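Dear colleague,

Here is the structure I promised to pass on to you.

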Amino acid sequence: MRSRQLLPIGFLAALLALACPGGTVQPTSGPAEVLAKGTQEAPIPLPNAKGSLKFVVLGDFGVADRRQYSLGAEMSRFHDTFPFDTVVLVGDNLYGAERPQDFKTKFEDPYKPLLDKNVKFMGALGNHDAREQRFYKLFNMDGKLYYSFKAPSESVRFFMLDSTYPVPDQIAWLEKELADSKEDWKIACFHHPIYSSGGRHGSDLKLRETLEPLFIKYNVSVAFTGHDHFYERIKPQHGIVYYVVGSGGQLAIGDIAKGSPLTAKGFDTDNVFLAVEIQGDKMYFNAISTPGTVIDSGIIERRKPEPS
Amino acid sequence: MNTQRVLIVLGLTGGLCCAATAPAVETAKVGEIQRPIITLTPEERAAADQFEAKLKDYIADHRKAEAALPHLSKDSTPQEIDKNQRALGTQLAAERAGAKQGDFFTPPMEGLVRRTLQAVLAGPDAKTIKASIMDENPGVPNLKINDRYPDNIPLSTMPPQVLEPLPKLDEEMEYRFLGKHLVLLDTHAHLVVDFTGNVLP
């Protein structure tokens, strides 16, 4: 098993990906195309290019246990070589008590090295989170339960949703935000997965009914979710790539349904964060476990509007 | 993988209710989602209306109390959030010192909640839904009205199948399970406003 690799030039990474033994070119199945995928033995490196958007996705982490702290330490080490600006949170930020000391032990301490380096954490609420977290300075939610923000580089907008309560006001807001967004990449982040092979929770079909038509209509390319305590990359659904990254704290070992037709890659035996780099129309991803092993990697091309 | 889901259309808030003289459950299919439809008895309809009227009054009091407190900024510290939450809880608990269990979940309303949950948990997803609810939900002994939601217990999972048929709440309020009790929680104050008996089958 090899550790992650970083290359300075993006196109070299793509070439390497296509040439490497584990890389496969898939036929287009919808507008968001998985250009290549790596293996644990031959992961596709992140380009680590100057000016690209670099961020990490993390979910279901706030338990203050050894696992969370170990993964936090690995995220910090990873930042030394891959200087991401942002951590996108997909909910369940604090389990159990939410007293001031809990914000410290479940968030501020495990990610202190990143916070000290001014890495920005962008919050979304999970089912275990109190709504007051939206006022917490370090979650950068601007006092809102749902919001969108433009990435600091590249043409990317994130839509941070409150999937516990997808009330009509929020859905109307989402449709308007998506319609008004001029960015090339539209990325949705929320807690409850609308595609998941988890035995414990699984796909939220009602939420899928609500969100998926909007994602399809407005060219969302990628969605990051959590809730199920493992890592899963879903095969593209209507051209959209979905991830479950509920692997930041407690694990549901063995919870991914074996042989699930949804799974492109599943991993439920160690904690994982997802490192992402967007450069132009391509999104590179490495899912990284606590020892720093890349357990999933690949390249995705964004969805583009159908020619009129 | 669960591919079916239950939706009970109670019409408590959505206007989908068909008044009926006897409880009834039927099943309608929308795509792959199975939706049993519950119709309300006149007594249940009245209980639901009463529940919503009480909620409206409570929210008015909540907003008045909250307006008197310092506003939380978007850059609040955990200490500020906690202080604000406890101050609001203390204020509301004092204002409703005479509150008792069943003020909101009256016996007919509790009966309706129980029947709703029974129907939700009679579907093909029952095992998963119940496991979700009971996940990190150890319950709490001696639950009391106007108590602070116990700090050492996670906010339980409320599956959408359960939330959808219940009366919709304003942003200040939430339903949560503590053990098999359904709690009406003031989420800004972390205050137990009311709770049912054991309604989870």
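In the hairpin that strand 13 of chain A makes with strand 14 of chain A, four residues lie between the strands, and G292(A) takes a positive phi near 90°; helices (H or I, at least four residues) and strands (E, at least two) are DSSP runs, numbered from the N terminus. This is a predicted model, in which local features need pLDDT of at least 70 and side-chain atom pairs count only at pLDDT 80 or more, while totals for chains, interfaces and linings use all residues. Residues are numbered from 1 along each chain as its sequence is written, chains are lettered from A and ligands numbered from 1 in the order in which they are written, and side-chain values use heavy atoms, with hydrogens and water left out.

Strand 13 and strand 14 (residues 294-301) of chain A pair in the antiparallel sense over seven bridges, where pairing requires that DSSP finds at least two bridges between two strands. Within this pair, M283(A) stands opposite I300(A) of strand 14. On its other pairing, strand 13 is joined to strand 12 of chain A by eight bridges, and these two strands also run antiparallel, with L274(A) opposite A287(A). Strand 12 and strand 13 of chain A form a hairpin with two residues between them, and in its turn G280(A) has a positive phi of about 65°. Seven of the eight residues of strand 13 (residues 282-289) of chain A are buried, buried meaning under 20% relative accessible area, as against exposed at over 50% and partly exposed in between (1.4 Å probe, protein chains only).

The largest nonpolar core has 69 residues, and those with the most contacts inside it are F55(A), F158(A), F224(A), Y231(A), Y243(A), L274(A) and M283(A); a nonpolar core is a set of buried Ala, Val, Leu, Ile, Met, Phe, Trp, Tyr and Cys residues joined through side-chain atoms within 4.5 Å. Strand 12 (residues 272-279) of chain A gives the most to this core, with six residues. Apart from it lies another core, of 40 residues, which includes A47(B), L69(B), I133(B) and Y175(B). Leaving aside residues up to four places away in sequence, Y243(A) touches, among others, F224(A), Y231(A), L274(A), M283(A) and I300(A), contact meaning heavy atoms within 4.5 Å.

Chain A also has an open sheet of seven strands, in the order 5-6-7-8-10-9-11 and with mixed pairing. Its edge strands are strand 5 (147-150) and strand 11 (263-267), each of which pairs on one side only. Strand 7 (residues 185-189) and strand 8 (residues 222-225) of chain A run parallel and are joined by three bridges, and the bridge partner of A188(A) in strand 8 is A223(A).

In chain B, three strands form an open sheet in the order 3-4-5, and the pairing is antiparallel. Strand 3 (173-178) and strand 5 (191-198) of chain B stand at the edges with a single partner strand each, so one side of each is left without a neighbour in the sheet. Strand 4 (residues 181-186) of chain B is joined to strand 5 of chain B by five bridges, and L185(B) stands opposite V192(B).

Kind regards
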